[in-house]
Amino acid sequence: MNKEKAYAREQRELLRLNREAQRPKGVYYLLFAMIVLTVIYIVDEITSNVNAAMQPYALFDLFRITSRDVNSEAFTGALNTVAPWQVASNLFLIITPFYKALSDRYGRRLFLMINTVGMGVGMLIVMTSQSAIQYILGMLFMMFFTPNDMQVLYIMETAPKEKRATYSFIAKGIALISVSLIGVLSRIFLKEDVPASWRMVYLIPIVVAIVVGVMAFFLMRETPVFVEQRRGFLLLTPEQRELKAAEDKKNGTAEQGGVFRAIRFIFKNRQLRWILIAGFLFFATTFYTSYYTTVLEGAMSTELVATVLIIYPLVNGVVTIVSGFFSDRLGRKKACLILGGLALLGLLMFVLACRFNWGPVAAGIAYGCSIGGLWSMSDTLILTMPAESSPSGMRASVMGTISVMIGAGMFIGQALFIVLQNFVSRDLLFLFLCVPFMAISLVLLMTKVKETKDADLDNITADTYR
């Protein structure tokens, strides 16, 4: 009886996918899809950045630090309370690949909606927090949804293969430029004499996230790569599935994906294994993006910090857009070499700008260049190259799993920073910790990983990069 129900359910799903495959997309569907996905990307980037931007003001309010001095013992104590939970959030992300792998079975569209709405709900929890515990819970909720990047997978499986990185980086660049809205909202709502004013900065992003997330479910269509992959699996007879399962077990892959299959595949596949190692070391350098506002507050007034929050996303966006063209023209590896160098140079200039009072414009440009290089390289390592190295049936599972495994590298940098910031200046720690990790990561990437820019996503197998 259970087999009959399962068969009937699969036949209904196959009928739905057949209708989906036969529906004409129209001349302007790709443009329409990119607009929707870019808006969702904007939501994702604002969600990813707003907590770091509001961190000192939230801690001033929740811990009742009336001096508003980031160098005070009270603020250091508050940071020591909250920061370890940011490190611990890497452990919560263990369940992320299980969540993301479900899109290999149930489709990308449903999880595009869930992910976007989830980010809005997380921001709502933070905005309404009346205690450090609620603030931490909201922060963890946001950090669960932001790494999934379902909109990136959508772009990768919808755009023409020769333009995948270009389309992805253009969408991300626009989204990063839109992060300047945090600075605009800060100028409008943030008041030094009103401790709770930081909460209003979250309001508009919350509304947009929930509304756009729900609308996306009705406006977007499934990606063609997922439709074809899933149809192909459903058309197999039980005997063919058994034969394929045996072959998949031998190769370490599977048409239905899954976290444990993805883990085995990542460690068995030389290409993905070295991407994982290089990415893990690279992510140890990303910790400074959580504490830049604290460094700025120690160097300039709240009003000038808001100016930095407007400037740096504009520079970040331009760097990101340009990096997409570099990636498609020069290849993923050479692009990472350029982007990694830019990240370190920009970070050095940011530290100097804060230390020698070069002003908010110089600090904003330097920080924008730094994180533009940092996160563009991050997307290449954690999203683009794994996607271009994985079979279609496991792509979401591999991307979700490897993103968590790579992202756990942040634990190293975060843990070292939290301990050492009690003894060494925070801005100098940025440099001392980032330079060695970035250098080793780039050496491994250049020497151990094969180029992926011309990969055919429809025809990648377990043996493609052996």
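Figure 1. Helices here (H or I, at least four residues) and strands (E, at least two) are DSSP runs, numbered from the N terminus. This is a predicted model, in which local features need pLDDT of at least 70 and side-chain atom pairs count only at pLDDT 80 or more, while totals for chains, interfaces and linings use all residues. Residues are numbered from 1 along each chain as its sequence is written, and side-chain values use heavy atoms, with hydrogens and water left out. Helix α17 itself covers residues 302-330, and its 29 residues should span 42 Å at 1.5 Å a residue; the end C-alpha atoms lie 41 Å apart, which agrees. That expected span is 1.5 Å times one less than the number of residues.

**Figure 2. Arginine 64 sits in the loop between α2 (29-62) and α3 (73-92).** Is this residue buried or exposed? At 66% relative accessibility, arginine 64 counts as exposed. Buried means under 20% relative accessible area, exposed over 50%, and partly exposed in between (1.4 Å probe, protein chains only). Take a look at the backbone too: phi of arginine 64 is near 55 degrees, a positive value in a residue other than glycine. Most residues other than glycine have a negative phi.

**Figure 3. Asparagine 357 belongs to the loop between α18 (332-355) and α19 (360-387).** Here phi is near 55 degrees, again positive in a residue other than glycine. Asparagine 357 is exposed, with a relative accessible area of 58%.

**Figure 4. Serine 290 lies in the loop between α15 (270-283) and α16 (292-297).** With a relative accessible area of 12%, serine 290 is buried. Which residues does serine 290 contact, leaving aside its neighbours within four places in sequence? They are Ala52, Gln55, Gln86 and Gln414, where contact means heavy atoms within 4.5 Å.

**Figure 5. Stepping back, the chain has 22 helices and zero strands.** Its radius of gyration is 22 Å, close to the 23 Å that the globule rule gives for 466 residues, so the chain is as compact as a globular protein of that length. The radius is taken over C-alpha atoms, and the rule is 2.2 Å times the number of residues to the power 0.38. Those C-alpha atoms fill a box of roughly 70 × 45 × 40 Å, taken along the principal axes. Buried residues make up 58% of the 466 residues. Among contacts with a separation of 6 or more, 83% come from residues 24 or more positions apart.
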